[in-house]
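This briefing goes through the structure by topic. The sequence and the coordinates are shown first.

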Amino acid sequence: MKPTDPAIVWLEEKPLGLGERLYLPLFVQGLTTTARHLVSPKVTVSFPEERPRIGNPLLYRGVHRLNKDAQGRVQCVACFLCATACPAHCIDIVAAESPWPDREKYPESFQIDELRCIFCGMCEEACPVDAIELTSLLDLTGRSREEMIFDKEKLLSVYDMTKDAEPMKSASLTGGSAHAHAIPAGGARQGGLP
Amino acid sequence: MPQVIVDGTEIEIGAHERLNCIEAARRAGKEIPHYCWHPGLSVVASCRMCLVETGQRDAATGKITMVPKLVPGCQTPVKDGTVIVTESQLVKESRARVEEALLIDHPIDCPICDKAGECLLQDYHFEHGQPQRRADLQPFHSRRRDVGPTVTLFVDRCIMCTRCVRFTREVSGTGELMVTSRGAKEEIDSFPGFPLDNKLAGNVVDLCPVGALGDRDFLYQQRVWFLKHEPNVCGGCATGCSIVTEHNQDTVYRLKPRENPHVNKWWMCDEGRYGWHHLHDPARLLAAGRRDDRGPDASWDTVDWPAVVTRLRADLAAAGGLAVAVSPMLTVEEAWMLCAVARSIDPAAFLAVGHVPRSGTDETFPGGFTIRAEKCPNRNGVEAVLALFDPAVPTWEDLLAHLRAGRARSAWVTAAYPGAWIDAEAAGAFAGLDCLVVQDMFPSALTEATSAPVTWRLPAVGFAERSGTWVNAGHRAQCFEQAIRPPAGVWPEGRLWWNMLGRSGLYDPPAVRHQIAGAAASFAALGGDVPATGIDLRILQLATTESSSPA
């Protein structure tokens, strides 16, 4: 497009008015904003002595946890959909045949590199059995990089730690049984075949 | 030439070609979905997924008469004037109904199903199914039973295409599988007391269009969408099946047959299919080692690869009287470079074919598939290469006799066999040499028991880590690229010899191949681009013999 194109509308900056040229009204305007923040309620908290308020734990994306089923077993079926969805490639799963008769596949090892994770929540969205969830735990520290690679036991312990404060999200979202549409729900098929 | 009209497009087929609607439509770029039909098996037309509208164009008037009902495309042969309609509303509705019926009885446990990602039921439902389900379907747990030592059956995932049953009856000829019960209660099972354990059993897993048949070796090891595919050639026997090596992060997860009408059609044997585990064996040799004392506690000094290039040549040149075993596991390019290196060190070097492992006899199955007794992929290629240097082409036994007669001062043995191959007696022939060089994947009697003043132990690479050309028992040369990288720190043989020849840059198998093709009439067929299905090395020789022979 050339500068001579008739489609271009050329605008001129408005000349400064008297108030703007005097400088004082704008000065007062700015100071008013400062003063308003001085007296308004504070949003900053003195972390870690004081905990920040989490708006909606269902939406907050903090440390991961691996949910347990009704019998205390890991709910994950090792389908790798979280690892597939993960844009940071921080989930590493080793699948195996499950030791339980009513389940086919389970994660022998399940590791999340929390340092590599970008807490996008895609794993939670991808999970077909609501096994992986992001809690509202936000202060994540460790003394070494190895310590920040969470294994299955640690992720399950996060569930034990947070299950009372934050029940499984699918339960609160569907308002009922979390297992209603879990894949290996029954164990026996529901049809009438022998 | 007969003309077939596919969705309004006229295509020509060969005058004597016997095609069905699926194959004819594929020529026109239209894919007719199908489960039960497979080009290598008989037609049963039971899945009803390939139903299409057909008709006939009158040759004289050009008037088209349609068949009032849908017909199965797999069972309907095409001829001149056949009209196929694959996209009409009627056909689309029929496909959606078939998909709906199949899913009523399906567990829909895709997240834990190994087939997910390469499942025809998934693909066809996505493409031809309907978005809403009319039946109230809940995912359930599929029953599972092992039908053989390597194959497991997820009973409820099956769509009863019976490809596996027909395979065991028509190709492997063993007939272990059958259909039990009738109607909606049909199930695949093995006959009581006859588990599926024939030598081609693994093929039923590839044939299964859904996740019903699972390979226990691969079960739950990796999701298929993580796998990378490299066209490759099986090194298990002299058949040299075309395969696809499926790997991720330099780890092989499974091998699958690649369609090649000249070699293996659609199949491969279980020995080859599961014959990749040695690649990841922790016992593999990973470093170049040199030993120069005779003591019982002699230890290997690790030598850097660039130093191997010069020191190996110096050691062999100092010893003189070189005898070389050119392994039939090597590619044509590698064998040629090895011979060239050996002759550059000792112009009178004795070049022989390495040990040719054999087990049993050739086994041919009713479907035409052959498992060879010769358990190496390239004896023909290596012999053809050796013939360029020594028309006598000595064998491994000749080499041992040559050594026992004391006519060699140094020996260079290439092996790269997947397992133990040499016994103490054969290894004894190598005693008393001044210098012994062994290139193998694993420590053997040769490297551990035999001692020479100077012994080299160099690592070799496996079939998926190699690139080059193999010539199978039928003289078909197939070129392939390496699928995975060798373990860290291992130079493939070709790279070492490329450097020992003093050539610059990276090892380039096609460059060597073209050089051989230009230099030798027996390899002239490899001069141009070699198709994925390989090329018969004798094709040009036959032509030249015929044209040059006097009338």
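How far apart do the C-alpha centres of domain 1 and domain 3 of chain B lie? They lie 53 Å apart. This is a predicted model, in which local features need pLDDT of at least 70 and side-chain atom pairs count only at pLDDT 80 or more, while totals for chains, interfaces and linings use all residues. Residues are numbered from 1 along each chain as its sequence is written, and chains are lettered from A and ligands numbered from 1 in the order in which they are written.

**Domains of chain B**

- Chain B is divided into domain 1 (3–87), domain 2 (137–280) and domain 3 (289–510).
- The bounds come from an automatic or database domain assignment.

**Chain A**

- Chain A contains 6 helices and 5 strands; helices (H or I, at least four residues) and strands (E, at least two) are DSSP runs, numbered from the N terminus.
- Read from the N terminus, the elements of chain A follow the order α-α-β-α-β-β-α-β-β-α-α.
- Of the 194 residues in chain A, 24% are buried. A residue is buried if 20 or more other C-beta atoms lie within 10 Å of its own, exposed if 12 or fewer, and partly exposed in between, with C-beta atoms placed from the backbone.
- Among contacts in chain A with a separation of 6 or more, 72% are between residues 24 or more positions apart. Two residues are in contact if their C-beta atoms, placed from the backbone, lie within 7 Å.
- A:Phe47 and A:Pro48 are joined by a cis peptide bond, with omega near 5°. A:Pro48 is in the loop between helix H2 (24–39) and strand E1 (64–66) of chain A.

- Strand E13 (residues 242–248) of chain B is largely enclosed by the rest of the structure, because 5 of its 7 residues are buried.
- Strand E12 (residues 228–233) of chain B pairs with E13(B) in the antiparallel sense over 6 bridges; two strands pair if DSSP finds at least two bridges between them.
- B:Asn232 has B:Ile243 in E13(B) as its bridge partner.
- E13(B) also pairs with strand E14 (residues 251–257) of chain B, antiparallel and over 6 bridges. Here B:Asn248 has B:Thr251 in E14(B) as its bridge partner.
- The hairpin of E13(B) and E14(B) has 2 residues between the strands, and B:Gln249 takes a positive phi near 50° in this hairpin.

**Sheet E24-E25-E26 of chain B**

- An open sheet of 3 strands in chain B has the order E24-E25-E26 and antiparallel pairing.
- Strand E24 (468–471) and strand E26 (535–536) of chain B are its edge strands, each pairing on one side only.
- E24(B) is joined by 4 bridges to strand E25 (residues 476–480) of chain B, and the two run antiparallel. B:Gln478 in E25(B) is the bridge partner of B:Trp470.

**Positive phi in loops of chain B**

- B:Lys265, a residue other than glycine, has a positive phi near 55°. B:Lys265 lies in the loop between E14 and helix H6 (270–273) of chain B, and is partly exposed because 18 other C-beta atoms lie within 10 Å.
- B:Val393, also a residue other than glycine, has a positive phi near 45°. B:Val393 is in the loop between helix H9 (379–389) and helix H10 (396–404) of chain B, and its 17 C-beta neighbours inside 10 Å make it partly exposed.

**Nonpolar cores**

- The largest nonpolar core has 146 residues, and those with the most contacts inside it are B:Leu322, B:Val324, B:Val326, B:Leu338, B:Ala342 and B:Val437. Helix H8 (residues 332–345) of chain B gives the largest share of this core, 9 residues.
- Apart from this core lies another, of 33 residues, among them A:Cys76, A:Ile91, A:Tyr106 and A:Ile132.
- A nonpolar core is a set of buried Ala, Val, Leu, Ile, Met, Phe, Trp, Tyr and Cys residues joined through C-beta atoms within 7 Å.
- Leaving aside neighbours within four places in sequence, B:Leu322 is in contact with residues including B:Leu316, B:Ala342, B:Ile345, B:Phe350 and B:Trp412.
- B:Phe350 belongs to strand E18 (residues 350–353) of chain B and is buried because 20 other C-beta atoms lie within 10 Å.
- Not counting residues up to four places away in sequence, B:Phe350 touches B:Leu322, B:Ala323, B:Val324, B:Pro394, B:His402 and B:Ala408.
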